[in-house]
Amino acid sequence: MSEVRFGQAINRALSDAMAADPSVILLGEDVARPGGPFGVTRGLLEKFGPERVRDTPISEAVLAGAAVGAAMTGLRPIVEIMFMDFVTLAMDALVNQAAKAHFMFGAQGSVPMVVRMPHGGGINAGPQHSQCLEAWLAHVPGLKVVCPATVADAYGLTRTAIADDDPVIVIEHKALYAKKGELSESPAATPLGRACIARRGQDATIVTYGAMVAVALTAADELAHSGVQTEVIDLRSLQPWDDSCVLGSLAKTHRLIVCHEAVEAFGVGAEIAARMADAGFDELDGPIVRVGAPFVPPPFAKTLEDWYRPDAAKIVAAVNKTLS
Amino acid sequence: MSLTDAQSTTGQLLELYRAMRLVREAEERLGALFADGEIPGFIHLSIGQEAVSVGVAAALEKHDTLASNHRGHGHAIAKGLELDRFFLEVFGKQDGYCRGRGGSMHVADLSIGMLGANGIVGAGLSIAVGSALAHKLRGTGQIAVVFFGDGAIAEGVLHESLNLAQLWTLPVLFVCENNGWSEFTESARQLATDPQRMAAAYKMCALNVDGNDVVAVAAAARNAVAQIRAGEGPCLLECRTKRVRGHFEGDAQKYRDASDLAMAARSDPLTRCEAQLIATGTRQPVIDKINAEIKKRIDAAVAAARAGAPPAPADAVVDVYTVSRELSS
């Protein structure tokens, strides 16, 4: 075990995957010589050379499209989109090409590509550099979407995504890059579609992912002071998501809160709530409560952004609401 | 020219004619079947543009990769797709190339590098660029080819693709089928530039040929491919051609002048190729025999497609991912 930062764990996963498989390549704006806008790809150019680690022009559309063509021709490309907000420029390649090729061509071949992108606020980056748009991608049949919350999963989900034969979107919360955590000397891959229970409790279940896991754990600690024991589920994968884990927890606690930094309306939480209102109907002893951002773009000023992002107090209030 | 050379030239011309006739016969049949309601959805025919797909395909090796577009029947057939599975797919049958999930706009055969027709204008360019990057990094000597219409010049991803391909010296041939129409509007009303100036803007090698002269297209494509395979980077091959049919079947083309359509008919690449064959000593019965053989092949493919079973809905859910998921929806 050693203590590393979240971004370093991703770097190690990229490095290990590239060392293990010469068909893995890295494409992105400023990923090679500058080492990535958040330093995640630092040192990879020196290790693997300019053929496999490539600085690209500011051209998200061709980057994603080229990854599709490269993946159909024997490579396993990893594309970095500098901020998730810029995925808008790559949507055709992801939605109409990568997601559909395996199905649309009658399972003739696969598109083993990974697209990494940081989401989320907390650094006052404003409306076009702070969004959490994962629901768009999770809505598209053919894409897989993961979002790690811990250092171990930052490594493990990145390795799993690269090894997967389908297009996988890896969403990294930019506020997590500098967080430290334990990483084993020979770290394990994290299985896709499996949640983990970050905290055990029997009074209510909070389902969340990414940077909100830590916020939910803070809320759980506060609630524990007043005798409420909440279970916190870290989804890890958003598409596919581990409904059996959530259902199992609900069968124990009978109360459900779904929390994410993304806008609440039409979000990942809406899907989880709808599914549990159906499959888990008999288990529910209270309303399913969602905690997400209000239906406004992420604002810039610190006072506004602090108001905008869900915090522990909002989660505590949501738990109390479903318990009351 | 020695006798042997002349024979070989005639032999090559006959092969080009045969390939064009196959595309033409297939598409004329598709048009009729569509009009009769036997083919669902949309089809876009490339009648009048066969010299482009056939001339370029003649310059390719089997494992070169090809990205196509919505008007892609000619590219697919010229690349060597099996007729039966092609027709089965366009009919929406289980044994089609895509198991009935794609149809005319998504026919693909990855085993021979045909990376798919495409319903999104301009999308094939970026796919070809990525495929070319894979060829280059894998050192296989293969090249990638993409066919796009002049209408795609207005798409942003086209410019990103040209820039990246030239910047990275990628082995990709950009074939612009310049038929003058962007769906229902003259391209002149949509484009502020033209393919030659555009290529020059990216410092890219560009060729410009009469796209209805199959010999000229094949010769230009061979030159371009040789240069690309030698590692000199991408090339743009503009083929000036004419779209005979509407944007899609069922489009009455009321927006086109009769003179424009008449000119398209006069410059028909098959008629021109036939005349060349006759002028170089091929007898008409030889051509008639080829036509009859091809008609038979298409008859057989259509019969097979009609007899094919439609896909069952249960078959659709299994291939959204490479391994069926255990969890979630």
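Domain bounds here come from an automatic or database domain assignment.

## Model and conventions

This is a predicted model, in which local features need pLDDT of at least 70 and side-chain atom pairs count only at pLDDT 80 or more, while totals for chains, interfaces and linings use all residues. Residues are numbered from 1 along each chain as its sequence is written, and chains are lettered from A and ligands numbered from 1 in the order in which they are written.

## Domains of chain A

Chain A is assigned domain 1 (2-183) and domain 2 (196-323). Their C-alpha centres are 26 Å apart. The contact between them involves 25 residues of domain 1 of chain A and 23 residues of domain 2 of chain A; two residues are in contact if their C-beta atoms, placed from the backbone, lie within 7 Å.

On the domain 1 side, α5 (134-138), β6 (144-146), α6 (151-163) and β7 (168-173) of chain A each supply at least two residues. Helices (H or I, at least four residues) and strands (E, at least two) are DSSP runs, numbered from the N terminus. By class, this side has 14 nonpolar, 8 polar and 3 charged residues. Ala, Val, Leu, Ile, Met, Phe, Trp, Tyr, Cys and Pro count as nonpolar, Asp, Glu, Lys and Arg as charged, and the others, Gly among them, as polar.

## Interface between chains A and B

The contact between the chains takes 39 residues from chain A and 40 residues from chain B. On the side of chain A, α3 (60-71), α4 (91-104) and α8 (243-253) each give at least two residues, and α3(A) has the largest share, 8 residues. The classes on this side are 18 nonpolar, 15 polar and 6 charged residues.

## Sheet of chain A

In chain A, 7 strands form an open sheet with mixed pairing, in the order β3-β2-β4-β5-β7-β6-β12. Two strands pair if DSSP finds at least two bridges between them. The edge strands are β3 (53-55) and β12 (237-239) of chain A; each has a single partner strand, so one side of each lacks a neighbour in the sheet. Direction ignored, neighbouring strands are turned by 20° against each other on average.

Strand β5 (residues 114-119) of chain A runs parallel to β7(A) and is joined to it by 6 bridges. Within this pair, Val115(A) is opposite Ile169(A).

## Sheet of chain B

The open sheet of chain B has 5 strands in the order β1-β2-β3-β7-β6, with parallel pairing. At its edges are β1 (65-67) and β6 (205-210) of chain B, each with a single partner strand, so one side of each is left without a neighbour in the sheet. The twist averages 20° from one strand to the next. β3 (residues 172-178) and β7 (residues 235-240) of chain B share 6 bridges, with Val175(B) opposite Leu237(B).

## Strand β2 of chain B

Helix α5 (residues 123-138) of chain B lies across β1, β2 (144-149) and β3 of chain B, at about 170° to β2(B). Axes are lines fitted to C-alpha atoms, for helices over the stretch in contact, and angles run from 0 to 180 degrees between N-to-C directions.

β2(B) pairs in the parallel sense with β1(B) over 3 bridges and with β3(B) over 6 bridges.
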